[in-house]
Amino acid sequence: MVGVGIDAIEIHTGKLCLDLGETFAPEMGDDPDKYRKGLGLYTSSFPDSYEDIVTMGANAAHRLMKRTGRTPADIGRIDVATESAFDNSKPVSTYIAGCLEQVFETTFHHANKGERKFACIAGTQSLDDAYNWIRAGRHRGRSALVIATDTALYARGDAGEATQGAGAVAMLISEDPSLVELSPEQGYGSADETDFLKPNQQFPSVDGKRSVQVYLSRMREALQDYESVAGDTHPDDFAFIPFHTPFPGMVRKAGLLGYRHVIRDTGVEEELAAEIGRQPRPEAFDDDQTYLDAVSEYTDALKETTRYQEWYEQVIEPTLNISRYVGNWYTGSVHVARASALKHALEQDRELTGDRLLVASYGSGAQAEIHTETVQDGWKEEIAAFDIDEHLDARHDITFEEYERIHDIHNHDIKSEDVEEFTTPSDEFVFDGWGRMGER
Ligand code: HMG
């Protein structure tokens, strides 16, 4: 059976950059280390006034198609995953296709276009839809274009404000892919939750602390469900584990939870329990709190072991390198984490062909999904072509006043004639009023 997976990937970052430690923390009256060490974030990306989910998605997709020599005739499906959509009827994919058709001068007339929504997990759901479409044999030899695009903005003063971000990830899904092949096995953890939602509102209503617990619970369930179909996992099975990354501190917690789970019944758990002198699964106590305290003491001690820290440094930390500088991109976030890990491996001159990734996606509302991916032999060329550093370095650093202004602009609190641009667009799609999107 021919493999199906990600053939190529491109990332477009919002063109403005807010330094959280230098610029944001002093205005909030916070210690910069709350952001740098606590949340694990240094800077975040924001869209300039002429950027939105359409232009960011179209710019990423255009670069991807140009680089890989694809034209609209090669694409049988365009799925856009977003939780920042502005149209309740016409999918964002039609707006993006409209932009691309201007430069390719041919149309996507025979492509199926849609929009996927389930908070941040929708990017992975779109990937799954494309995978299933190709597997079902309905693709007629064509590829699917999957675009995850979001402006992740919170209300000013919300605890989530420091985790904001904006950008798009475009991925080409094909048979016999160059980058990674997806596993047919998947695991899910899914439950109706209300800790993060946006019912007819621009900014989310968030119970931040609870959202962290919901993320961890759904992730544990997804891992258990995955193992029920794919068999037990071992910590050494995976080169990297890219998690959905709302902020790197969240992944620190998820990594520890994942490790605790995957060392069960492997011998590693017993060895580490003996080393730290604590039981991994203490006998039940009469009092629930005493039991929970014992579990938490074990977990805290486990985190300090050299074995765990080396594993974390190798398998999880490299997935966070880009996220630390861009913030939460919602639907694109786990795909940025994968790209970050592969880029790190290339820089370290590591050989990854045939190695596996455990990809852990999550969306509030809430659902986690786990699948594995096998790195393909074209990965080095593909990742070498990926010029994210250049785009990150080209961002314009904004002052706090400029940050307030751009936040208001994207919240439509500024009259259109008063909207200014902070950077100059060049050879890219820009938002220039409804229905007038184009290259300039
Ligand atoms: P907060 O309450 O302001 O922060 O916001 P905090 O006080 O909990 O501090 C954060 C961390 O910094 C803590 O570490 C502090 O100890 C540490 P932890 O105990 O968690 O390990 N800290 C410091 N460290 C070093 N030096 C210092 C210092 N000060 C503090 N001086 C919160 C945190 C998560 C609530 C907030 O960022 C938030 O509401 N975020 C938005 C919601 C979110 O991202 N939730 C994550 C899970 S849900 C999810 O991922 C889905 C999502 O992407 C949406 C979707 O699916 O569509 C959000």
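1. In this predicted model, helix α3 passes helix α4 in a right-handed crossing. The axes of α3 (residues 53–68) and α4 (residues 92–104) come within 9 Å and cross at roughly 50°, which makes α3 oblique to α4. On the α3 side the contact is formed by Ile-53, Val-54, Gly-57, Ala-58, Ala-61 and His-62; these meet Val-92, Tyr-95, Ile-96, Cys-99, Leu-100 and Val-103 of α4. By class, the residues of this contact comprise ten nonpolar, two polar and no charged.

2. A right-handed crossing is also found for α6 and α7. Here the axes of α6 (residues 208–230) and α7 (residues 248–262) come within 10 Å, and the crossing angle is roughly 30°. Helix α6 contributes Val-212, Tyr-215, Leu-216, Met-219, Arg-220 and Leu-223, which meet Met-250, Lys-253, Ala-254, Leu-257, Gly-258 and His-261 in α7. The contact of α6 with α7 divides into eight nonpolar, two polar and two charged residues.

3. Helices α1 (residues 20–28) and α2 (residues 32–39) pack with their axes 7 Å apart, at an angle of about 125°. The limit for roughly antiparallel is over 145 degrees, and α1 is therefore oblique to α2. Leu-20, Gly-21, Phe-24 and Ala-25 of α1 meet Pro-32, Lys-34, Tyr-35 and Arg-36 of α2. Five nonpolar, one polar and two charged residues make up the contact of α1 with α2.

4. Turning to the sheet, eight strands form an open arrangement with mixed pairing, in the order β5-β4-β6-β7-β1-β8-β12-β11. Strands β5 (112–116) and β11 (356–363) stand at the edges; each has a single partner strand, so one side of each lacks a neighbour in the sheet. From one strand to the next, the twist averages 25°.

5. Strand β12 pairs with strands on both of its sides. Strand β8 (residues 180–190) is joined to β12 (residues 367–375) by eight bridges, and these two strands run antiparallel. Within this pairing, Gly-187 stands opposite Ile-370 in β12, and the bridge partner of Leu-182 is Glu-373 of β12. Eight bridges also join β11 to β12, again in antiparallel fashion, with Leu-358 opposite Thr-372 in β12.

6. The hairpin of β11 and β12 has three residues between the strands, and Gly-365 there takes a positive phi near 120°. As for burial, eight of the nine residues of β12 are buried, so this strand is largely enclosed by the rest of the structure.

7. Helix α5 (residues 122–135) lies across β1 (4–13), β4 (75–81), β5, β6 (143–152), β7 (165–175), β8, β11 and β12, and runs at about 160° to β4. Helix α12 (residues 333–347) also packs on the sheet, where it touches β1, β6, β7 and β11. The direction of α12 makes about 160° with that of β11.

Definitions and conventions: Residues numbered from 1 in each chain as written. Predicted model: local features only at pLDDT ≥ 70, side-chain atom pairs only at ≥ 80, totals over all residues. Pairing = 2+ DSSP bridges. Helix = DSSP H or I, 4+ residues; strand = E, 2+ residues; numbered from the N terminus. Axes fitted to C-alpha atoms, helices over the stretch in contact; angles between N-to-C directions. Contact = placed C-beta atoms within 7 Å. Parallel < 35°, antiparallel > 145°, perpendicular 65-115°, else oblique. Nonpolar A, V, L, I, M, F, W, Y, C, P; charged D, E, K, R; others polar. Buried ≥ 20, exposed ≤ 12 C-beta atoms within 10 Å, placed from the backbone. Left-handed = near helix turned anticlockwise from the far one by under 90°.
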